[in-house]
Amino acid sequence: MSRPPATAGQPVRDKSAGKWAFLSDLDARLAATAVPQKTFLEFLRLGDDELASRFQDGEQVSALVHDRARLVDALVVSAWQRHFGSDADEFALVAVGGYGRGELHPGSDIDLLILSPEGTDFADDSLKNFLAFLWDIGLEPGHSVRTVKQCVEVAADDITVATALMESRLLFGAMTLFEEMRGETGPAGVWPSRDFFAAKLAEQERRHHRYHDTAYNLEPNIKSGPGGLRDIQMIGWVAKRHFKVDDLQQLVALGFLTTGEYRRLRAGQAYLWRVRFALHMLTGRREDRLLFDYQMQLAKQFGYSDSLQNLAVEKFMQRYYRMVMRLSRLNEMLLQFFQEAILLQPDPQPKVINPRFQSRNGYLEASSADVFVNQPSALLEIFQILQQQTGLRGVGATTIRLIRRNLRLVDVGFRADPAHRKLFMDIIRAPAGVTHELRRMNDYGILGRYIPAFGRIVGRMQYDLFHVYTVDAHTLFVVSNLRRFALNRYDHEFPDCSRIMQSLEHPEIVYLAGLFHDIAKGRGGDHSMLGAEEAEAFCTAHGMGEFQSQLVAWLVCHHLLLSVTSQKKDISDPAVIHQFARQVEDQLHLDFLYVLTIADVRGTNPKLWNSWKASLFREFYLRVSQALRAGLETPQDQEELVAGHRREALAILRDLDNIHLTEDSTPLPWDLLGEEYFLRHSPAEIAWHTSVLLAAGDNDSLVTAVGENEMRGGTPLLVRATRRQESFALATAALDDMGLNIVDAVISPAGGDGTLDSYLVLDYDGKALTDAHRRQEVASRLRRVLSSDRTTPRVSRKAPRQVRLFSTPTELRFSANHRGDGTIMELTTGDRPGLLSEVAQSLQAIGAHIRTAKIMTIGERAEDVFYITSLGGGPLSEEKQEQLKQRLTTVLDRH
C-alpha cells in the first residue's frame, strides 16, 4: 500500500537504517519551545500512530516492537540529558528486562537501571523530576538506582534481578560502569549456569502452577501462561547464560534445535507478538490477559467469521490454543535438552530395556534414530513402557523429537493393525499411569493421530463461562478424575465413587466413555449421539464385546442425563425417580453413569463444583438405586415416603433436649403443612424447621432462621411469613444482594395467607456458611427486609464483568406436572443478581404461586425450573401462561 509524501512533523521510517528519521528534528523542536512536555507527547503520539498504521497494513510485528523500543530510546535519552545536563555522562542509564532486549509493545512499561559510581551522590530531585516527566509523556517507567556492588548483592539474592541484568542494554552514559556491572553479575560472579538453570526451571514450574499447569485457560495470559512469551524467553535466558548465544538460531548449530523447530519457534513468537500488539492497541494500555471482553473483537480483527458450527471467537481461540500448546511442547523439549546438558551426568552408560528402548539418566529413549520407522508399533509401546517402568522420569528430548517427526506413521493402516489396537487397549487397562500416558500421548500428538476425532477437538474452546478448559483438556481431566476414584489413596475424596469404581470388573468401559463423551463437539448436531456412534465403532474395532461396546456408547449418549435430571427435576417426586430408573434399567448402568457424571462435572469448571452438587447427585443416585432394588414394576408409593419422612423426623426431634413429645403426639406446625412439604424435605430438614417453629411459638408471625449445620451440601434457611405473595421476591432479592447463591427453594402453604419458605444457599465462595457472624447477618437482614413496609425488592449488586459480556435470550417452556395439579415452567435466560426476585414479581403480577424452584446456573446462563400453581391451586391456564411469558421476556431481556 503506497503512502502519501510525508509532511513536516510526520514520522518517516528509514527502512535501511531501521530508525525513525523524524527524530532528527527533536532537538531543534525542543530548543524552540518553552513547553518540552508537549513536544515529547507529540513525538510519542506520532510514532505510535505510525506503528499502528503499519500494524494494520500487515507489517511484520518483529519490526514494530523493535522500532518502538528505538522510538522510546530516543525520547528517554533526550529527557535524561535535559534533566541531568553535564552530570548525565557520569552515570549509566540502562534499559533492563524486555526493554533491555529492545522489545516494546504499545503498552509495555519501561524498566530502567541507573548505575552510579561508588561514593557518588545522586541528584534525587533530578531523578524525581525525570521519572515524573516520563510518566507525564505517557511512558510507565520502573526504576532502580544502584552501584555495581549493590547490583551484585541484589542479583545474588534474586534470580529475577539477575535475569533482568543479563538482558541489560546501555542507553546513555558511562560504558565502563555498564561493562563492569555486566561482568560482575554474569555467571562468573553470581548464579553459575548450573544454579541459574535449576532456579529458572523451578521458577517456570511455579509460574505454570499459577495457571493450573495448562495453556488452555478460559482467559489465558499471553505473556506468563504456559506456552506464552515467557516460555520462549526462558529458552533464550538459559541459552545466553550457559551456551553464550544471543540468538536462538545459534541453538540449531549447537544441535538443540532443528531448522524446522527454530522456524516454528519464531513463527509462534511472531504470532503471540501480533496478538499482544493488537491487544495493547485495543485496550490502550499494558494488558496481557485475553479476557472475554477482547476475544471477540480480536477474532474479528484477525479476520475470523461465524459459521454454522463455530463462532468466530472459537476459531480464533482454537488457533491461539494450538499455537501455545505447540510452543509449550517446544519449551518442554528444549528445557529437557538443557537439563541433560547442564544438570545430568554427561555420557552415562545406557540401560537396555528391550531392543527398541533404553534409559539414560532415568529418561526413556529410543535405541536408535530409526526405531519408529522400522517398528511403528514402538510409537505406542513407549507409553506402555512408561506405565510399567515406574522409576523412569520421562522421555528423553531426542526421542520426543523423533516421536513428533514420525507422527505421519500413525495413519489408517497403523490404526487398523490388530497389534496396535491391542497395545492401545493395554494402555487403557493398565493398573497405573493411564492418565499420565494419555496426557503425554496428547502432548506428543499421538492421541490425536490415533483417534482422529480427538485430534479435531484439540484446542477447541466454547465461548461461555461454564467450560473453562478446551475440549481436549477437559476430556483428560475427566479421565483423571475417574482414575482417582480407582485408586484407594483417594478414597476420602468421594467415598461412594471410589467404592463403585473399585468394584467395577471392567473400568476401561468408563475410561473410554470419558475419552469419547465430548469428542463430537463442534460438528453441529447432538454431540452426545454423534460421539456415541464414534465410541461404539472404536470399541468394536478394538475387540470389546457387543455388550461392553454398547455400554460405552450408552454412557456417551446419556452422559448429561443424571446431571440435568437431578438439577432440573423434582427428585423428591417418586414418578421422577421411577422414570429415571426405567431409563438406566439396572444398577450397573447407574453405577457407571454416576461416576462418569461426577468426573465430568468436576472436570468442567472447578469453581462450579460444590458440596451441594455432590450431595444432590448422591441423593439422586441413592434414590434411584433404591427404586431399582424395589423393581421397576413396583414404583415407590408417595404416601409411604411421606410417612417415612415423618417417622424419621420425629425420631430426630425426640432426641433433642428442648423438644418434648409423647410417643403418639406430633408437633403442632405439622397440622398446617401438606404432603408435598414432607415429600420435598429431608427428615433432618423437617426436624430443624420444627424445632425453630416450636421455639418461636405463635406470638411472632415472622420467623427467620439460618441453620448452623450443613444440610444437603448447603446452609438451610427458613422463613415463616404471612405475606405469601411478596415474601419470596423480597427474601431472594436480599439473599442475592448479600452475595449468596440460592441453589434450592421450596415454598409451602402454612395455613391462611402464610407460607413456610425454605432455602438452601451457598456463600460467594461456593461453600456453606461456616461463620457464625455471617449466619447472623443473613438472618437479621432477612428479618429486616421482610418486616418492613417495602413491597418492591431492591438488588444493588451488579453481575460480574464476564457475565455482563454475554447476551442470553430469554426462553420459556410450560408443561403440566404428571399429577395435573400444577405447571412446570422452564426458564433459560442470562444469569444476574435479583433474577429469582424478578421472576417472583412477574408471577405475583399475573396471580401465580411458586411451589418449588430448581436453580441451575451454567456459567453466564441460568436454566431454572419453577413448579407453580394458580392462586386457587391447580395449573395455569394457557392465557395465564402467555401473559407470564410476555411479561418475563420483556422484563428479563431489557437487561
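## Hairpin and sheet pairing

Strands S15 and S16 form a hairpin with 6 residues between them, and Gly 820 in the turn has a positive phi of about 75°. Helices (H or I, at least four residues) and strands (E, at least two) are DSSP runs, numbered from the N terminus. The model is predicted: local features need pLDDT of at least 70, side-chain atom pairs count only at pLDDT 80 or more, and totals for chains, interfaces and linings use all residues. Residues are numbered from 1 along each chain as its sequence is written, and side-chain values use heavy atoms, with hydrogens and water left out.

S15 (residues 811–816) runs antiparallel to S16 and is joined to it by 6 bridges; two strands pair if DSSP finds at least two bridges between them. Phe 814 has Met 825 in S16 as its bridge partner. S16 also pairs with strand S19 (residues 861–870) in the antiparallel sense, over 8 bridges. In that pairing, Ile 824 stands opposite Tyr 867 of S19. S16 (residues 823–830) is mostly covered, with 8 of its 8 residues buried. Buried means under 20% relative accessible area, exposed over 50%, and partly exposed in between (1.4 Å probe, protein chains only).

## Cavities

The model has 7 cavities of 30 Å³ or more. A cavity is a set of points, on a 1 Å grid over the protein atoms alone, where a 1.4 Å probe fits but cannot get out; lining residues have an atom within 4 Å of a point. Grid points are joined across faces, edges and corners, and a volume is the space filled by probe spheres set on the points.

The largest cavity holds about 160 Å³ of space. Its lining has 16 residues, of which Ile 571, Ser 572, Arg 680, Arg 712 and Asp 744 lie nearest the centre. At least two lining residues each come from helix H31 (611–630), helix H33 (675–680), strand S13 (741–749) and strand S17 (848–854). H31 gives the largest share, 3 residues. By class, the lining of the largest cavity divides into 4 nonpolar, 4 polar and 8 charged residues. Ala, Val, Leu, Ile, Met, Phe, Trp, Tyr, Cys and Pro count as nonpolar, Asp, Glu, Lys and Arg as charged, and the others, Gly among them, as polar.

## Salt bridges within helices

There are 40 salt bridges, each defined by a side-chain nitrogen of Lys or Arg within 4 Å of a carboxyl oxygen of Asp or Glu. In one of them, the closest N and O atoms of Lys 200 and Glu 203 are 2.5 Å apart. Both residues lie in helix H9 (residues 193–210), 3 residues apart, about one turn of the helix, and both Lys 200 and Glu 203 are buried.

Arg 440 and Glu 437 form another salt bridge, with closest N and O atoms 2.9 Å apart. These two are 3 residues apart in helix H20 (residues 434–444), so about one helical turn separates them. Glu 437 is buried, at a relative accessible area of 3%.

Glu 534 and Arg 456 meet through their side chains in a salt bridge (4.0 Å, N to O). This pair links distant parts of the chain, with Glu 534 in helix H26 (residues 527–541) and Arg 456 in helix H22 (residues 452–457), 78 residues apart. Glu 534 is partly exposed, with a relative accessible area of 26%, and Arg 456 is partly exposed, at 44%.

Conventions: On a 1 Å grid over the protein atoms alone, a cavity is a set of points where a 1.4 Å probe fits but cannot get out, and a pocket is an open set with protein on both sides within 12 Å along at least five of seven lines; lining residues have an atom within 4 Å of a point.
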